[in-house]
Amino acid sequence: MKSGYQHGGVDITHTKAFLTSLSAMVAETTTFPIDLIKTRLQLHGESLSSSHPTSAFRVGLGIIREQGALGLYSGLSPAIIRHMFYSPIRIVGYENLRNVVSVDNASFSIVGKAVVGGISGVLAQVIASPADLVKVRMQADGQRVSQGLQPRYSGPFDALNKIVRAEGFQGLWKGVFPNIQRAFLVNMGELACYDHAKQFVIRSRIADDNVFAHTFASIMSGLAATSLSCPADVVKTRMMNQAAKKEGKVLYNSSYDCLVKTIKVEGIRALWKGFFPTWARLGPWQFVFWVSYEKFRKFAGLSSF
């Protein structure tokens, strides 16, 4: 019998959702400074004043110098709120869809897992997109402060209020299409690769279903997710960061427009800006998340993911 239906399907689903949220919050808090640096790197080059070359180390050092160590956690609260919705939907949704599509996970193809992972990620991202928007805007505010400008928002709820007043309720879903594209690619790589890599390690008797298998699978899934999603992530970040000016003008009219302008002005390599900090974050994030989640499931009496 599948784990999703032990002790009553609804109760088990709720338990998995809670454990997923808890694991995601631990992982997000642990790796958030790397995510902040990645966002700043992706926004670097949008203005002429920041056109000079930079690196993850320089960006991180600049944040600490100008805002102190706590500046590395600017935008953490909306990130936590986002994962309370995003992670349970995509993780539990993936597992439930996988169990519906295939009776035996060991024989389920990686292509099938990739499709199921992508669909789960899209559904989760549509719901969590407003919190993601607030996170990006608050992370970008630190860059404004470093340029001598006033931050746009004092907190996540102030950001929500100002975005709705200035851009309408639909403004909370600004960048939702590049967000969806990124979510599909990230979860296609992350969930399918983690699931398949873990099964491969166990079937090949490289390791049992333990922390070693989880670590190897999380590293592989982080690399796959980063390679697939980085271009969409750059476009998503830039689309979500732009706020409509008083005259109604915006820098990018669409995701495609953002893609074309980024390549034209900064070159094709700009689409992989923040690749290494993204991978450096996804690796530890997934390690902390998956190891925590698998342990929490074991403590709760549930089978492995």
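At roughly what angle do the axes of H6 and helix H7 cross? Select H7 (residues 211-241): its axis comes within 7 Å of that of H6, and the two cross at roughly 175°. That makes H6 roughly antiparallel to H7 (over 145 degrees counts as roughly antiparallel; axes are lines fitted to C-alpha atoms over the stretch in contact, with angles from 0 to 180 degrees between N-to-C directions). Helices here are DSSP runs (H or I, at least four residues), numbered from the N terminus.

A word on the source: this is a predicted model, where local features need pLDDT of at least 70, side-chain atom pairs count only at pLDDT 80 or more, and totals for chains, interfaces and linings use all residues. Residues are numbered from 1 along each chain as its sequence is written, and side-chain values use heavy atoms, leaving out hydrogens and water.

Show Glu190, Leu191, Tyr194 and Lys198 of H6 with Trp285, Gln286, Trp290 and Glu294 of H9, which make the contact (heavy atoms within 4.5 Å).

Now pick Phe305. Among its contacts beyond four places in sequence are Ile91, Tyr194, Lys198 and Trp290. Phe305 is also one of the residues touching the most other members of the largest nonpolar core, which has 19 residues (buried Ala, Val, Leu, Ile, Met, Phe, Trp, Tyr and Cys joined through side-chain atoms within 4.5 Å; buried means under 20% relative accessible area, 1.4 Å probe, protein chains only). H9 gives the most to this core, five residues.

Technical notes
Angles under 35 degrees count as roughly parallel, over 145 as roughly antiparallel, 65 to 115 as roughly perpendicular and the rest as oblique. Buried means under 20% relative accessible area, exposed over 50%, partly exposed in between (1.4 Å probe, protein chains only).
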